[in-house]
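Let's take a walk through this structure together, one element at a time. Have a look at the view below, and then read on.

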Amino acid sequence: MKALAPGTVIFHRHRGYGVITSVNLLTGWIAARFGSEARTLDLNLSMDEVQFADGEAILFRRAPPDRMPHARLMAMVRALHRAGYQRLYLYSWPKPSGLHWRWHLFTGQRDWMQRPWREGWYGSGADYNVNPVMGWGDTPAATTEELVHALARFDPQGLARALGRDEDHAAWFEGVCAALLPGYMYSLDMQRPADAPLQEMPPVPVIAVRASLPPYSGPALAWPPGWSGLWSKVHAMPAPAINLSGVPEIR
């Protein structure tokens with residue numbers, strides 16, 4: 001399916017050409033403007049007679065788009081691993097509601113607790129639902145190769161930190177992608193059994209990225225190598241940078 005995002009030009013049988021002003025990939029509802037700058041019309045893609053501008057049908061119910069970005073991110077990370085950027089890691093975990101999943105790309109050390117917070121390298125499925133871009137200058141329908149090039153243009157210094165070998169993690173990630181893509185993604189959360197401490201290596205749930213897919217029935221996924229005890233071990237906060245300017249820092 002083509003991109004469904006704010007700015008997409010559509011055609012309505014009774015109102016003619018219009019442009020999408022907001023979209024919700026989870027429910028299939030959009031708001032569109034037809035000729036009037038001040039008034040929008042709410043439409044349901046599963047029921048209303050809406051097409052793309054070139055006449056292609058929007059089969060939202062039969063062929064829904066990805067409602068979360070994680071499978072596309074996994075394909076991009078796999079491509080970068082194959083190109084030698086094996087020190088690039090993707091962490092996915094659910095929001096407390098369980099309705100949406102966050103994601104965070106980071107480089108350098110495996111330790112997610114010590115990850116750098118670089119703008120554009122993290123996001124949420126809740127944001128993606130209404131604006132299906134990653135946030136580093138990519139377009140809604142960008143291919144894996146286009147995502148890689150957009151990230152390299154957006155933050156070349158950050159991506160350079162991923163250059164290097166981490167063979168056991170890259171092999172784990174390659175196997176996970178082979179089992180899950182293109183329709184599923186993994187989640188790394190801190191499941192705690194009832195009346196028990198946090199687990200060293202909890203189960204790895206698998207989530208479908210499209211509403212029409214059945215529950216995952218493939219092999220169970222192993223916890224990422226080197227990430228055992230992620231939640232249970234003691235984490236030392238990184239030391240602050242040395243300030244030689246003489247000007248006190250505001251924290």
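## Strands that pair

Strand 6 and strand 7, the latter covering residues 101-107, pair in the antiparallel sense over 7 bridges. One of the pairs to look for is Y89, whose bridge partner in strand 7 is F106. Keep in mind that this is a predicted model.

Zooming out, 3 strands form an open sheet in the order 6-7-8, with antiparallel pairing. Strand 6 (88-94) and strand 8 (122-124) stand at the edges and have a single partner strand each, so one side of each is left without a neighbour in the sheet. From one strand to the next, the twist averages 15°. As a reminder, strands of a sheet pair through backbone hydrogen bonds, either parallel or antiparallel.

## A helix across the sheet

Helix 1, residues 70-82, lies across strand 6 and strand 7 and runs at about 165° to strand 6.

How many of the 13 residues of helix 1 are buried? The count is 10, so the helix is mostly covered, buried here being under 20% relative accessible area. Among them are H70, R72, M74, M76 and H81.

In soluble globular proteins, nonpolar side chains tend to be buried together. Here the largest nonpolar core has 62 residues, and those with the most contacts inside it are M74, M76, L90, L105, W136 and Y186. Helix 1 gives the most to this core, with 7 residues.

Setting aside neighbours within four places in sequence, M76 is in contact with L105, W136, T144, L147, V148 and L151.

Where does L147 sit? Its place is in helix 3, residues 144-154. L147 has a relative accessible area of 1%, under the 20% cut-off, and is therefore buried.

Again leaving aside neighbours within four places in sequence, L147 is in contact with R72, M76, M134, W136, D138 and A142. R72 and M76 are both buried residues of helix 1.

Technical notes. Residues are numbered from 1 along each chain as its sequence is written. This is a predicted model: local features need pLDDT of at least 70, side-chain atom pairs count only at pLDDT 80 or more; totals for chains, interfaces and linings use all residues. Side-chain values use heavy atoms; hydrogens and water are left out. Two strands pair if DSSP finds at least two bridges between them. Helices (H or I, at least four residues) and strands (E, at least two) are DSSP runs, numbered from the N terminus. Axes are lines fitted to C-alpha atoms, for helices over the stretch in contact, and angles run from 0 to 180 degrees between N-to-C directions. Contact means heavy atoms within 4.5 Å. Buried means under 20% relative accessible area, exposed over 50%, partly exposed in between (1.4 Å probe, protein chains only). A nonpolar core is a set of buried Ala, Val, Leu, Ile, Met, Phe, Trp, Tyr and Cys residues joined through side-chain atoms within 4.5 Å.
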